[in-house]
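This report goes through a single protein chain, from its overall make-up to a few selected residues. Please keep the sequence and the structure at hand while reading.

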Amino acid sequence: ASDNEIVALPQELDRLVRLESLHVGYNQLEELPFAISRLYSLSSLDVQGNPLASPLALALSRGLPSLRAYLATSDPSVCQSPSQVRPEALRVMKSS
């Protein structure tokens, strides 16, 4: 679903319990749903080229385990910070 100008992913994403790879690069995502923290089979996430909020981008740059922990414990308003970054580290994250 790259290059489709997607602005949000559904919370129901967690119903895809066997999802291993999610490629949503170059869209308009500023945040990711908490549902991603419950995708335990997810091993690859591509969000490069999205204007992700900086706290979320920082968690994501540390890998999928860090992202899962951040999404599972953070306040939703934190993910909507106006300060945004697009680090190259977000190219394709793989769990470690």
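Predicted model: local features only at pLDDT ≥ 70, side-chain atom pairs only at ≥ 80, totals over all residues.

## Overall make-up

The protein has two helices and three strands as its secondary structure, and, read from the N terminus, these elements follow the order β-β-α-α-β. Of its 96 residues, 42% count as buried.

## The nonpolar core

The largest nonpolar core holds 23 residues, and the members that touch the most others are Leu32, Ile36, Leu45 and Leu67. Two or more residues of this core come from each of helix H1 (54-61) and helix H2 (64-73).

Which residues does Ile36 touch, once those up to four places away in sequence are set aside? Its partners are Leu9, Leu13 and Leu42, together with Leu67, Arg68 and Leu71.

## Helix H1 and the residue after it

In H1, the buried residues are Leu56, Ala57, Ala59 and Leu60. Viewed down the axis of H1, these buried residues fall within an arc of 160 degrees, so they line one face of the helix.

After H1 comes Gly63, which has a positive phi, near 110 degrees.

## The salt bridge

The count of salt bridges comes to one, and it is formed by the side chains of Asp14 and Arg38, with an N to O distance of 2.8 Å. Because Asp14 lies in the segment before strand E1 (21-23) while Arg38 lies in the loop between E1 and strand E2 (44-46), the pair ties together parts that are 24 residues apart in sequence. In general, side chains of opposite charge can pair when their charged atoms come close.

## Ser21 in strand E1

Ser21 belongs to strand E1 and is partly exposed, with a relative accessible area of 33%. Its side chain is joined to that of His23 by a polar contact of 2.6 Å. Leaving out residues up to four places away in sequence, Ser21 touches Leu42 and Ser44. Ser21 and Ser41, which are 20 residues apart in sequence, are separated in space by 8.5 Å from C-alpha to C-alpha.

## Positive phi outside glycine

Glu5 is not a glycine, yet it has a positive phi of about 60 degrees. This residue lies in the segment before E1, and Glu5 counts as exposed at 62% relative accessibility.

Where does Tyr26 lie? Tyr26 is found in the loop between E1 and E2, where it has a positive phi of about 55 degrees although it is not a glycine. At 42% relative accessibility, Tyr26 counts as partly exposed.

Technical notes
Residues numbered from 1 in each chain as written. Heavy atoms only, no water. Helix = DSSP H or I, 4+ residues; strand = E, 2+ residues; numbered from the N terminus. Buried < 20%, exposed > 50% of the residue type's maximum accessible area, 1.4 Å probe, protein only. Salt bridge = Lys/Arg side-chain N within 4 Å of Asp/Glu carboxyl O. Core = buried A, V, L, I, M, F, W, Y, C linked by side-chain atoms within 4.5 Å. Contact = heavy atoms within 4.5 Å. Arc of directions from axis to C-beta. Polar contact = N/O pair within 3.5 Å; in protein donor to acceptor, adjacent residues only side chain to side chain.
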